[in-house]
Amino acid sequence: KGKCPEDGWDESTIELFLHELAIMDSNNFLGNCGVGEREGRVVSGLVARRHYRLIHGIGRSGDISAVQPKAAGSSLLNKLTNSVVLDVIKLAGVRTVASCFVVPMATGMSLTLCFLTLRHKRPKAKYIIWPRIDQKSCFKSMITAGFEPVVIENVLEGDELRTDLEAVEAKIKALGAENILCVHSTTSCFAPRVPDRLEELAVICANYDIPHIVNNAYGVQSSKCMHLIQQGARVGRIDAFVQSLDKNFMVPVGGAIIAGFNESFIQEISKMYPGRASASPSLDVLITLLSLGTSGYKKLLKERKEMFSYLSSELKKLADNHNERLLDTPHNPISLAMSLKNLDETNDAAVTQLGSMLFTRQVSGARVVPCGSVQTVNNYTFKGFMSHANDYPCAYLNAASAIGIKKQDVDVFLKRLDKCLKTFRKEAKQEKSINEISDANTTTEQLED
């Protein structure tokens, strides 16, 4: 049926299935005589076993989704993977998605492929409207495709950074809809930025007849992000949404899923990919989903949501203990942020030093964001880079509850963070005492004089 099984398969069943696919490829035929330039020859047995002898990759020279006659097994693998992934995207919340395909590129290059496909539909367009998110790959995806990003600064609402819809519409009117390739929005992001107002942006795109591409990098694991995409497509226009394989399905980096609500447009994107492609990302995600089954993946999604609540409550307690606060970002379902105001006021370098201390203590993924850092990316200068705003009110630390996180991860992180912050407080007290003694000595000397 091309759907993800409800209950996961055991490893021996999956391996048997992959071997059955592999023997359908011509390079594994016993009497095969290959005289072409690409015959699936692999000199290392270790490499052959690593790929289950599925050597031909996916697609043909003109279409990444096309069937290869001499690689029936690899072609079937590709078709099944795309079908199973589509089923899981529906299960995760985007029920009306029409089509998707796995592409052996990470999210940034997959977005670039979408933009290049739109170029043929809108040859006059040179601008992409982009509500700001300080993450290099999604910004560079537009530059690499040859377009000019039009950065829309976010609006501060409480602690949250949200989409400035008025600025988006004003810029569309100023530039002219025909000169705009698309609106490039984002769902999953680092707090205190929250997912874009997808429904409202989708309506704007429909009203002005402008394509809408959504960067849904790690949004499949969030029912809220997937609901935003579903609602955006229902009330307005979303042409494609792109998500990472590694972040959502816990496989090695190197693949993404491009999905959409118009099957012909998704096929156009797949045909834009030049040549054949590696089957590794497709193989990895198929093995993973067959081993999990829908019940296993649902369980992981449920556990992630529970861990988000736990991380949120425990990080709030820790923040209160250190006279800081957990920033109020209710619209962000994955990432949290804790202020570092006291640390920032104590010492300019203390915020970045905290990041180094956490990393050397084997805490990975936590981001510390100082105030006022400036960074240039492809000749565009961003003030307050990493904070998604020119002047965010305070320095802060990010932590995320992503799929696969365990209670132990949260507990160890909080313990190490608490220890690092206590170290800073101790040093600050010592410095204060030294300054007070110094001031007292100076006063005594003045009295003696």
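The accessible surface of the protein amounts to about 21,000 Å², and carbon and sulfur atoms make up 51% of that area. The model is predicted. Its C-alpha atoms fill a box of roughly 105 × 55 × 40 Å along the principal axes. The chain holds 14 helices and 14 strands. Of its 449 residues, 50% count as buried. Among contacts with a separation of 6 or more, 73% link residues 24 or more positions apart. Charged side chains number 53 positive and 50 negative, and the centres of the two sets lie 6 Å apart.

Strand β14 spans residues 396–400 and is joined to β11 by 3 bridges, the two strands running antiparallel. Within this pairing, Arg367 has Asn398 of β14 as its bridge partner.

The loop between β13 (380–383) and β14 contains Ala395. Ala395 counts as buried because its relative accessibility is 0%, below the 20% cut-off. Its contacts, leaving out residues up to four places away in sequence, are Met338, Ser339, Leu340, Lys341, Asp344, Val351, Val369, Pro370 and Cys371. Ala337 is 58 residues from Ala395 along the chain, and their C-alpha atoms are separated by 9.7 Å. His388 is placed in the loop between β13 and β14. Its phi is near 65°, a positive value in a residue other than glycine. His388 counts as buried, with a relative accessibility of 0%.

Arg53 also has a positive phi, about 60°, although it is not a glycine. This residue is found in the loop between α2 (45–50) and α3 (72–92). Arg53 is partly exposed, with a relative accessible area of 42%. A further backbone feature is the cis peptide bond that joins Ala191 and Pro192, with omega of about 10°. Pro192 lies in the loop between β6 (180–186) and α7 (198–208).

Lys171 provides a helical example. It lies in helix α6, which covers residues 165–175. Lys171 is partly exposed, and its relative accessible area is 32%. Beyond its neighbours within four places in sequence, Lys171 is in contact with Ile129, Val150, Ile152 and Ile180. Lys171 and Val151 are 20 residues apart in sequence, with a C-alpha to C-alpha distance of 9.9 Å.

How values were computed
Residues numbered from 1 in each chain as written. Predicted model: local features only at pLDDT ≥ 70, side-chain atom pairs only at ≥ 80, totals over all residues. Heavy atoms only, no water. Helix = DSSP H or I, 4+ residues; strand = E, 2+ residues; numbered from the N terminus. Buried < 20%, exposed > 50% of the residue type's maximum accessible area, 1.4 Å probe, protein only. Contact = heavy atoms within 4.5 Å. Areas by Shrake-Rupley, 256 points an atom, 1.4 Å probe, with all protein chains shown as cover. Lys, Arg positive; Asp, Glu negative; His and termini not counted. Charge placed at Lys NZ, Arg CZ, Asp CG, Glu CD. Pairing = 2+ DSSP bridges.
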